[in-house]
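Hello,

Here is the structure I promised to pass on. Please open it alongside this note, which goes through what turned up.

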Amino acid sequence: MQIAVLGAGSMGHGIAQVSAMAGHDVILRDIEEEFVEDGIEGIRTNLQGGVDRDKVTEDEMQTALDRISGTTDLEAAVADADLVIEAVPEDMDLKKDVFTDIEAATGEETIIASNTSSMSVTEMGSVLKHPERVVGLHFFNPPHLMDLVEIIIAEQTDERTESVAVDYVRDLEKEDVVVRDTAGFASSRLGIALGLEAIRMVEQGVASPADIDESMSIGYGHPMGPLELTDHVGLDVRLHIAEHLREELGERFKPPQSLRRKVRAGNLGKKTGEGYYVWADGERVGMSGDWDDE
């Protein structure tokens, strides 16, 4: 398939990478040439890391890179696409505008997907003349390492669109779960509930971030604990999702004040160098606050 990915950030370029590795031709689009170049460089870095760990061959790396091109022109990116995946910031008005622009530049057969982690795909599709081709494809961060993709079926999604989405995810050799379009879907709803409780435990001094995380990673077999995951996702993103779920589902998703304070201070996690942990060169080097060093 011809795939267009709109948004070259960590999620967008990760989706472009796994699509190219599965043999699809990909156009990666963002609003600035610098963002596009950074996204493609991020793909190159990820693939080189795979080569260094003997997970990817040099030939596989080069073949994948050859399948990816970049542009700032939305119409050019989507014109011949069989599947368009938006990975723009979690803002409903922005996503609706992007969906409208996609529909104006594509044929009726093009599938339009959102990588949203919590927002209503049904509402996004409501602005389209042909909303039956809308679906959610919620990849997990980082897409090239995480095996799960949540497929969100909107109220308007038809059987063909669902079938194409499932086949695409399986073609990536990812595991698919199909859920109906409800607030937070399955993964974000459960993940945020666990993450918020872990933050409250830190606030109350129950245990250090590292000990809380180890209780889940070692005790329950999670690949990483809820606080480290919050740092990876971004505290601002987690706060935004929690506020959305609070509005939709009630006060049990009320964000803790310490989360709000960290976001106001600009401590957003790994991407800024500090969240619930301190980060340097992409690695955890300590815990934020008054906790003993790890």
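This is a predicted model: local features need pLDDT of at least 70, side-chain atom pairs count only at pLDDT 80 or more; totals for chains, interfaces and linings use all residues.

Over residues 2–182 the chain is 43% helix and 22% strand. UniProt lists residues 2–182 as "domain: 3-hydroxyacyl-CoA dehydrogenase NAD binding", in an unreviewed entry.

The unreviewed UniProt entry also lists residues 184–279, as "domain: 3-hydroxyacyl-CoA dehydrogenase C-terminal". That span is 59% helix and 3% strand. Its end C-alpha atoms lie 28 Å apart.

**The two domains**

The domain assignment divides the protein into domain 1 (2–180) and domain 2 (186–287). Their C-alpha centres lie 26 Å apart. How many residues of each are in contact? Nine residues of domain 1 touch seven residues of domain 2. The size of an interface is often given as the accessible area lost when the parts come together. Between domain 1 and domain 2, the buried area is about 700 Å². Carbon and sulfur atoms give 53% of that area.

**Helix 3**

Helix 3 covers residues 58–66. Met61, Ala64 and Leu65 are buried there. They sit on the same side of helix 3, because they cover an arc of only 100° around the axis. An α-helix has 3.6 residues a turn, so residues three or four places apart point the same way. What do the buried residues of helix 3 pack against? Their partners are helix 1 (10–21), helix 2 (33–52) and strand 3 (68–71). The face turned away from this buried side carries Asp59 and Asp66, both exposed.

**Helix 5**

Helix 5 runs over residues 92–105 and has 14 residues. From first C-alpha to last it reaches 20 Å, close to the 20 Å expected at 1.5 Å a residue. Its buried residues are Met92, Lys95, Lys96, Val98, Phe99, Ile102 and Glu103. They cover an arc of only 160° around the axis, which puts them on the same side of helix 5. Several elements cover them. Among these are strand 1 (2–6), strand 4 (83–86), strand 5 (111–114) and strand 6 (134–139).

Glu155 lies in the loop between strand 7 (148–153) and helix 7. Is Glu155 buried or exposed? Glu155 is exposed, with a relative accessible area of 67%. Along the sequence, Glu155 and Thr122 are 33 residues apart. In space, their C-alpha atoms are 5.7 Å apart.

Helix 7 itself has 13 residues, 159–171. Its reach from first C-alpha to last is 18 Å, close to the 18 Å expected at 1.5 Å a residue. Which residues of helix 7 are buried? They are Thr161, Ala165, Val166, Tyr168 and Val169. Seen down the axis, these fall within an arc of 160°, so they line one face of helix 7. The face turned away from that buried side carries the exposed residues Glu159 and Arg170.

Val164 is also in helix 7. Val164 is partly exposed, with a relative accessible area of 22%. Leaving aside neighbours within four places in sequence, Val164 is in contact with Met1 and Ile111. Val135 is 29 residues from Val164 along the chain, and their C-alpha atoms are separated by 9.8 Å.

After helix 7 comes Glu173, whose phi is positive, near 65°.

Last, look at Ser258. Ser258 is in helix 12, which spans residues 257–264. Ser258 is buried, with a relative accessible area of 11%. Which residues does Ser258 touch, not counting those up to four places away in sequence? They are Ile199, Glu203 and Tyr276.

Best wishes

Note on methods:
Residues are numbered from 1 along each chain as its sequence is written. Side-chain values use heavy atoms; hydrogens and water are left out. Buried means under 20% relative accessible area, exposed over 50%, partly exposed in between (1.4 Å probe, protein chains only). Helices (H or I, at least four residues) and strands (E, at least two) are DSSP runs, numbered from the N terminus. The arc is that of the directions from the helix axis to the C-beta atoms. Contact means heavy atoms within 4.5 Å. UniProt positions are given in the numbering used here, feature names are shortened, and annotations may be inferred rather than shown by experiment. The expected span of a helix is 1.5 Å times one less than its number of residues. Domain bounds come from an automatic or database domain assignment. Buried area is the accessible area (1.4 Å probe) that two parts lose on being put together, summed over both.
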